[in-house]
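Welcome! Let us take a walk through this structure together, one stop at a time.

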Amino acid sequence: MRALTAAAVLCVLTACSTGPTRAPVSDTPKAQTPADALAQARAKNQHWLDPALINAFPESGAADYRPPSELAVLLPQSGNLAVAGNAIRDGLLSAYYAETRSKPGIRFYDTQGNAAGAKAAFDRAVDEGAQMIIGPIGKDEVAAIHDAAGTIPVLALNRIETPSNRHVLNFSLSPEREGEIIAERLLGKSLLQTAVFSQGSDSNSRMLAAFEKRYQAGGGSVLLKAPAPMFGKDAEGVAVNPVFPDAVREAKAVLLLMNGDAAKPTRAALALNGAAGIPVFAGTDITESGDAKTNTQLDGIEFLQMPWLVNRGNSLNISAAQLLKLPSARGPGAKLNAFGADAWLIATRLPVWLASPNSEIAGATGSLHLEPDGRIERTLPWSVFRAGVPQALNGP
């Protein structure tokens, strides 16, 4: 009787209320979407990877090292991406053979540089007993296998814009990340007006867009965006020097997004335009120069660089110098060697992040940390040219 009375009173109170009527409550729990899981992970500052990601891996007896028993590496060994694939392979194998602890069996599968080849390589690797997959590297290749991953961890080697698979980690040499780090450097030094000179490429365009977004959000202003200047001659053969607008002399910093060969004449043009005393910063491409003998022209420029390329220590205890004789290490290939070495590092150090998501791992490409959505981000150290030689920059 009391229960009935209480129900009746509740009905009256509800009917007399001036507030909005609540929607009926369903007994069926709402299915959690990938977006829900990701939002919850971000709120807790944790990763959203499947917690059982490495449960099938053999025990290693070490808190920071637990490789799979069988590792599959999906890289293009033919097609347009084969050169990049070979450089990544060589870096990965250098780390693999440098490891003195128990190592997994490792197999390489040719993705042929396209989506269909990547999917076929993925299916074959799973059928042949892989416990983890590294790769592929092309955006179309990664997209082709992303949704298929669901029983073993996959370390995709390209940027995924909208992660939605809790078995996939995403690692890339993102130019956007470099742009953000440069912006943070200039903001930290209170250099709030910058002139930017950029060598035309997709990578530099992406780096500049990310730099500008982060820089402006922190109160910085880009006074000038211009291509790398060129020296030339007029119709009568008289030398013509580049002329910069006044904005260059008003800037508190200059940013060069270009290689060393383009940076040298740009540095000269800055001096000729009365901007020689402005501090100059650059991205990682600045070390790429066809004539190292003239690198003294770059002295004083502060630039981002992978630890691998400036002899800073990393968890692998190997350096770029050990691979310099390989054809794949020439030019930008050295960065891909480091990328491959870090792919091995990540694949075997997952227990660190699964146990403590905020931990950092000292990698060849930078200090690595895990974002809540499974992306692996890098923090790169700063270097400076002194007497034409890149040297680690210590202190502010």
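## A guided walk

With a relative accessibility of 60%, Ala 387 counts as exposed, because the cut-off for that word is over 50%. Keep in mind that the model you are looking at is predicted. You will find Ala 387 in the loop that links strand S16 (382-386) to strand S17 (389-392). Its backbone deserves a look too: phi of Ala 387 is near 55°, a positive value in a residue other than glycine.

Is Gln 112 buried or exposed, or partly exposed? Its relative accessible area is 45%, so Gln 112 is partly exposed.

Loops hold one more stop for us. Between strand S3 (132-134) and helix H5 (139-146) runs a loop that contains Pro 136. The peptide bond joining Gly 135 to Pro 136 is cis, with omega at about 0°.

Which way does strand S14 (residues 367-370) run beside S15, parallel or antiparallel? The two pair in the antiparallel sense, over four bridges, and Ser 367 stands opposite Thr 379 in S15. S14 and S15 form a hairpin with four residues between the strands, where Gly 374 takes a positive phi near 90°. S15 also pairs with strand S5 (residues 168-171); these two run parallel and are joined by two bridges. Here Asn 170 is the residue standing opposite Arg 375 in S15.

Our last stop is a pair of helices. The axes of H3 (residues 82-98) and H10 (residues 333-348) come within 6 Å and cross at roughly 50°. That angle is why H3 is described as oblique to H10. The crossing of H3 past H10 is right-handed. On the H3 side, the residues in contact include Ala 84, Ile 88, Leu 92 and Tyr 96; on the H10 side, Leu 336, Phe 339, Ala 343 and Trp 344 are among them. Sorted by class, the contact of H3 with H10 has eleven nonpolar, four polar and one charged residues.

Methods:
Residues are numbered from 1 along each chain as its sequence is written. This is a predicted model: local features need pLDDT of at least 70, side-chain atom pairs count only at pLDDT 80 or more; totals for chains, interfaces and linings use all residues. Side-chain values use heavy atoms; hydrogens and water are left out. Two strands pair if DSSP finds at least two bridges between them. Axes are lines fitted to C-alpha atoms, for helices over the stretch in contact, and angles run from 0 to 180 degrees between N-to-C directions. Angles under 35 degrees count as roughly parallel, over 145 as roughly antiparallel, 65 to 115 as roughly perpendicular and the rest as oblique. A crossing is left-handed if the near helix is turned anticlockwise from the far one by less than a right angle, and right-handed if clockwise. Contact means heavy atoms within 4.5 Å. Ala, Val, Leu, Ile, Met, Phe, Trp, Tyr, Cys and Pro count as nonpolar, Asp, Glu, Lys and Arg as charged, and the others, Gly among them, as polar. Buried means under 20% relative accessible area, exposed over 50%, partly exposed in between (1.4 Å probe, protein chains only).
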